[in-house]
Amino acid sequence: MSGGNHGLRPTDLNQIWDDLQTGIKEVYEHKGQSMKKSRFMQLYTHVYNYCTSVHPNHPAGASAARTPSSGPNGRTSRCVVGSGAQFVGHELYKKLEEFLRGYLNKLYEETINLRDEDLLRSYTRQWNEYQFSSRVLDGICSYLNRHWVKRECEESRRDVYEIYQLALVIWRECFFKALHNKVTNAVLKLIQQERGKAKIDTTLISGVIKSYVELGLNEPEEGHQKGPNLSVYREAFENAFLDQTRQFYSAKSSELLNSKPVTDFLIQAESFLQEENDRVYRYLHETTLPTLAKTCESVLIEQHLDQFYDEFKKLLEQDRKTDLARMYNLVSRVPGGLTALRGILETHINEQGQAALEAQGKDADPRKYVNAILTVHKKYSDLVIDTFTNDVEFVEALDKACGQFINENFQTRHAQAGTSKGPDLLVRYCDMLLKKSSRNPEESDLEDVLNQVMIVFKYVEDKDAFQHIYSKMLARRLVTQSSASEDAEASMLTKLKTACGYEYTSKLQRMLQDATISKDLIPQFKEHIQTSTKDNPLQIDFSVQVLSSGLWPFPHQKYEFTLPASLERCISMFANFYSTKHAGRKLTWLYSMSKGELLANCFQKKYYLQASTLQMGVLLLFNSTSNKLTLQHLQMGTNMRIDMVQQVVQALVKQEVLAIVPGTSGANVAGTSTSDCEELGLTTELRINTDFQSKKTRVNINQPIKSEAKHDQEQTQRHIAEDRQQSIQAAIVRIMKMRKTSQHQQLISEVIKQLSNFRPSVPAIKRCIDLLIEKDYMARVEGQKETYTYIS
């Protein structure tokens, strides 16, 4: 080991310190000016030689390696001799620390009496120069950092730092702690001036902020290393800045709200928030932004939410979209702030919808009724999309409000008990669109209109009622061949199928198929007639539609009717033809749904009367008898019930096709209504009204029989009620079969959740539960009245 320390020479700190100290003074006193490279290397070499010298207390060659031993001032020195070097540095480290403290104390004396901007200019200038000089010193002492400082830190020495960090620590202790209150207050004063619209030198603020950020150092703890943090920035500046911000805007908002409208305050608040956002990016630390934004939002928005909510109602009424959007954007910054706005919007839309529908009156026109709904919906749908950025919860508020005023409104409240007024009006509007009419849109535009109908349909709760009524209207259009377009009919069914599923439209689609099959059948029947009646051809253009029994929503024939002889032959021929096509099928004729056209030569000019089969039966009796017939003769000739004859004749009298012979009104038939029949008795004589006139050559005199219309409406409501009861029972059985046992309230809520085509009432569900208990599908658990069990 005799040659282990060859080339090393002892270097005493006193030998190098004078020159090293002079060099360090040059670094700090030249105020950031660059140093010659040769001088820098000379100073670096001093530090290197000292750190690598053989310590005089430990002669070379004593051992291959030394353990840590007590050095000067009781410090632990770490020596490595076997490698030919002994690393020391404690004394140099202390000398550097003493120099920096002395330098900063002198600097503090020069700065202590400065105020405001002068203080900030001095502080930022001195900080920049000190920081630059300390980085140069750190470079000179880099060997000390890499070896002695590093090993001290590895030994968990908490008071040892790299030289640059040491310089920051000493700045913080000797300069910053004494001045930071004055410096921070000067910064806050400048910010206050800028908020008052004064121009300031922002570089003064940014310089101080950078200093505060740089001065943050983590203290070494178990599991953590030394390094930068923002503790100084937050404690010395950010907390005070946030307090000042809170006070400033609290006073400012109170002042503005007391002197200006809320809408003007919203503009100011938006401007304030943007200014604070810009302030962070111009001269504050970026981490301040979330806390600053939250502080401003609390003072400018959250504390005034009640005033905003009151103003929101007025803005909705005045349709001020720009102000509404601004309020939405501001309130959305506050957690939970939009909840009240959504409630206000929902209430407002409901009120507007209710008012729009009330303006249509009790007997609302279906077209105007639906258009009123669509107008309200479009207005507020555009508002939600454009103003409230299509916010999901605002869309939900729109849907909820539309559902309220569409399902419960002026028309539904004044409708006859047990009827579905809302769905009925919507179906009638669909009927208007899909019927042949000059008022309807072009076929190219009809698709868009049907899409609008589906918007309203989406909100209808009683979709089952809509289905029943729609099926009747569709059936009439198909039977009377009054549909404007087969494609439009199919398109509407496709839309309903998409909205409600296959089962919802299965019967309706099969009705369309029946109509298509009948169209193909008629040419075959006409060809059959031509070949089979050459000797005695039919004098009537006769066509038939064959409808599947149980599929179409027409009531069974419950009255007698004798067809005119000319029609009897047609029906007989078609029955024979159909039996050859489909053996075993039975045809039931629906006279109430049939119609025809009569050529009338009994008036002053020729007319074509479009009449129902029942009306045709009455009018054709006047061909074979005298010009006058009593009501009793008409009843005997048609074999109809007397009340039906009365209604048919009454319609013809109102159309002025028939006239009552004066002085022949007899006593009313028992059980008939005077107001309906206007005292038409059995002995009342009727004649053809030869004075009948009309501007049209083809005159539609086909009017529905009142008793049938009323019966049809009652039957529809009865079917709806029956189907609902079956749906509720089926839902209950499904739930009980799956769960086996269920609490009463849980069962009711699950039934309501399962039934999407209508909303069942709780009493209706209870009645169905009782019915299923009677049928032994389920039972109450003994001793627990609110619990049910499924009986398998």
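**Exercise 1. Which residues are linked with Arg 279 in a network of salt bridges?**

Before we start: this is a predicted model, where local features need pLDDT of at least 70 and side-chain atom pairs count only at pLDDT 80 or more, while totals for chains, interfaces and linings use all residues. Residues are numbered from 1 along each chain as its sequence is written, and side-chain values use heavy atoms, with hydrogens and water left out.

*Solution.* 
- Step 1: A salt bridge needs a side-chain nitrogen of Lys or Arg within 4 Å of a carboxyl oxygen of Asp or Glu.
- Step 2: Collect the members. The network links Arg 279 with Glu 194, Arg 195, Glu 276 and Arg 282.
- Step 3: Zoom in on one pair. Arg 279 and Glu 194 meet at 3.3 Å, N to O. Arg 279 belongs to helix α9 and Glu 194 to helix α6, so this bridge ties together parts 85 residues apart in sequence. Helices here are DSSP runs of H or I with at least four residues, strands are runs of E with at least two, and both are numbered from the N terminus.
- Step 4: Check burial. Both Arg 279 and Glu 194 are buried, where buried means under 20% relative accessible area, exposed over 50% and partly exposed in between (1.4 Å probe, protein chains only).

**Exercise 2. Compare the salt bridges Asp 19 to Arg 39 and Lys 94 to Glu 97.**

*Solution.* 
- Step 1: Get the N to O distances. Asp 19 and Arg 39 come out at 3.2 Å, and Lys 94 and Glu 97 at 3.6 Å.
- Step 2: Asp 19 sits in α1 (residues 13-29) and Arg 39 in α2 (residues 37-51), so the bridge joins parts 20 residues apart in sequence.
- Step 3: Lys 94 and Glu 97 are three residues apart in α3 (residues 90-111), about one helical turn. An α-helix has 3.6 residues a turn, so residues three or four places apart point the same way.
- Step 4: Look at accessibility. Asp 19 is partly exposed at 26%, while Arg 39 is buried at 14%. Lys 94 is partly exposed at 34%, and Glu 97 is buried at 14%.

**Exercise 3. Why is helix α12 largely enclosed by the rest of the structure?**

*Solution.* 
- Step 1: Count. Helix α12 covers residues 321-331, and eight of its 11 residues are buried, so the rest of the structure largely encloses this helix.
- Step 2: Name some. Among the buried ones are Asp 323, Arg 326, Met 327 and Tyr 328.
- Step 3: List the neighbours. The buried residues of α12 pack (contact means heavy atoms within 4.5 Å) against α9, α11, α13, α14 and α15.

**Exercise 4. Classify the ring pairs that involve Phe 603.**

*Solution.* 
- Step 1: Set the cut-offs. Rings of Phe, Tyr and Trp (its six-membered ring) pair if their centres lie within 6.5 Å; planes under 30 degrees apart are stacked, over 60 edge-to-face, and the rest tilted. The whole structure holds 35 such aromatic pairs.
- Step 2: Take Tyr 607. The ring centres of Phe 603 and Tyr 607 are 6.0 Å apart with planes at 70°, so this pair is edge-to-face.
- Step 3: Take Phe 692. Phe 603 and Phe 692 are 5.0 Å apart, centre to centre, with 45° between the planes, a tilted pair. This pair links distant parts of the chain, 89 residues apart.
- Step 4: Check burial. Phe 603 is buried at 9% relative accessible area, Tyr 607 at 2% and Phe 692 at 3%.
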